[in-house]
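Me: I'm new to reading protein models and would like a close look at one single spot in this one. Could you walk me through that spot and then through what lies around it?

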Amino acid sequence: MKKRVLSAMPSQTFAEGALDAAQQTGKLNYDGYKKVWSDEFNGDSLNRADWNVETHEKGWVNNELQEYVDSAENIQVKDGKLIINPVKKITDGDTGSTKGVASYTSGRVSTQNKQTFIYGRFECRAKVPKGQGYLPAFWLMANDENVYGCLLYTSPSPRDYAAS
């Protein structure tokens, strides 16, 4: 029997068609699913037993301008929400100076090697910022960083790679 998973960070990301049904009825159908893990962020700090805070230097991936840091200024839990807050700081001059140098920090969290699922239903409710330079993301990633992002499709059909 296949293990079914319902994993919820306070949230809703919908499978194809489920959004239409939910909009019509006002309810999602959870028949056949058993909740095995969730985080409703009911506290005043990130639960480090379930979450990793990743730190990375500026430019670590995609030449991003921000540095990922472990800071209460960037990562907060408040009122049942996880808040990842980008912060811009001006250095080498006062904040009103045009000669100042801007630096950016942000938070990055994952459940890598703490919560592992093979398949199931995964949901997330997120409010994302608007503006130039923001790329908020909710990813479902493998525990093994060498696995994801490695499969390149050179054939018109991904099915050709299923037996590889």
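Reply: Let's start with Thr 111, which has a relative accessibility of 19% and counts as buried, because the cut-off for buried is under 20%. Keep in mind that this is a predicted model. Thr 111 sits in the loop between strand 9 (109-110) and strand 10 (121-123).

What is Thr 111 in contact with, once its neighbours within four places in sequence are left aside? The partners are Trp 37, Asp 50, Trp 51 and Asn 52.

Two of those names lead us on to the aromatic rings. Trp 37 and Trp 51 belong to one aromatic cluster, together with Phe 41, Phe 117 and Phe 122. Across the whole structure, a search finds 5 aromatic pairs. One of them joins Phe 41 and Trp 51: the pair is tilted, with 5.9 Å centre to centre and 35° between the planes. Both residues lie in the loop between strand 2 (35-38) and strand 3 (52-53), so their pair ties together parts that are 10 residues apart in sequence. Phe 41 and Trp 51 are both buried. For a contrast in geometry, look at Trp 60 and Tyr 68, which form an edge-to-face pair at 6.4 Å centre to centre, with 90° between the planes. Here Trp 60 is partly exposed at 41% relative accessible area, whereas Tyr 68 is buried at 8%.

Now for the charged side chains. Follow the chain to Arg 121, which lies over the face of two rings: that of Tyr 30, at 4.8 Å from the ring centre, and that of Tyr 33, at 5.6 Å from the ring centre. Arg 121 also forms a salt bridge with Glu 123, their closest N and O atoms being 3.1 Å apart. Both Arg 121 and Glu 123 are buried.

How many salt bridges are there by the rule used here? The count comes to 4. Another of them joins the side chains of Arg 48 and Asp 70, at 2.9 Å from N to O. Arg 48 lies in the loop between strand 2 and strand 3, and Asp 70 in the loop between strand 4 (66-68) and strand 5 (75-78), so this bridge ties together parts 22 residues apart in sequence. Arg 48 is partly exposed at 43% relative accessibility, and Asp 70 is partly exposed too, at 45%.

Then there is the bridge between Glu 54 and Arg 108, at 3.0 Å from N to O. This pair links distant parts of the chain, 54 residues apart: Glu 54 is in the loop between strand 3 and strand 4, and Arg 108 is in the loop between strand 8 (101-106) and strand 9. Glu 54 counts as buried at 17% relative accessibility, while Arg 108 is partly exposed at 26%.

Finally, let's step back to the chain as a whole. Its secondary structure comes to 1 helix and 10 strands, and from the N terminus the elements run β-α-β-β-β-β-β-β-β-β-β. Of its 164 residues, 24% are buried, and Thr 111, where we began, is one of the buried residues. Among contacts between residues at least 6 apart in sequence, 62% join residues at least 24 apart. The chain exposes about 12,700 Å², with carbon and sulfur atoms supplying 50% of that area.

Conventions. Residues are numbered from 1 along each chain as its sequence is written. This is a predicted model: local features need pLDDT of at least 70, side-chain atom pairs count only at pLDDT 80 or more; totals for chains, interfaces and linings use all residues. Side-chain values use heavy atoms; hydrogens and water are left out. Helices (H or I, at least four residues) and strands (E, at least two) are DSSP runs, numbered from the N terminus. Buried means under 20% relative accessible area, exposed over 50%, partly exposed in between (1.4 Å probe, protein chains only). Contact means heavy atoms within 4.5 Å. Accessible areas come from the Shrake-Rupley method with a 1.4 Å probe; for residues, only the protein chains shown count as cover. Rings of Phe, Tyr and Trp (its six-membered ring) pair if their centres lie within 6.5 Å; planes under 30 degrees apart count as stacked, over 60 as edge-to-face and the rest as tilted. A charge sits over a ring if NZ of Lys or CZ of Arg is within 6 Å of the ring centre and within 35 degrees of the ring normal.
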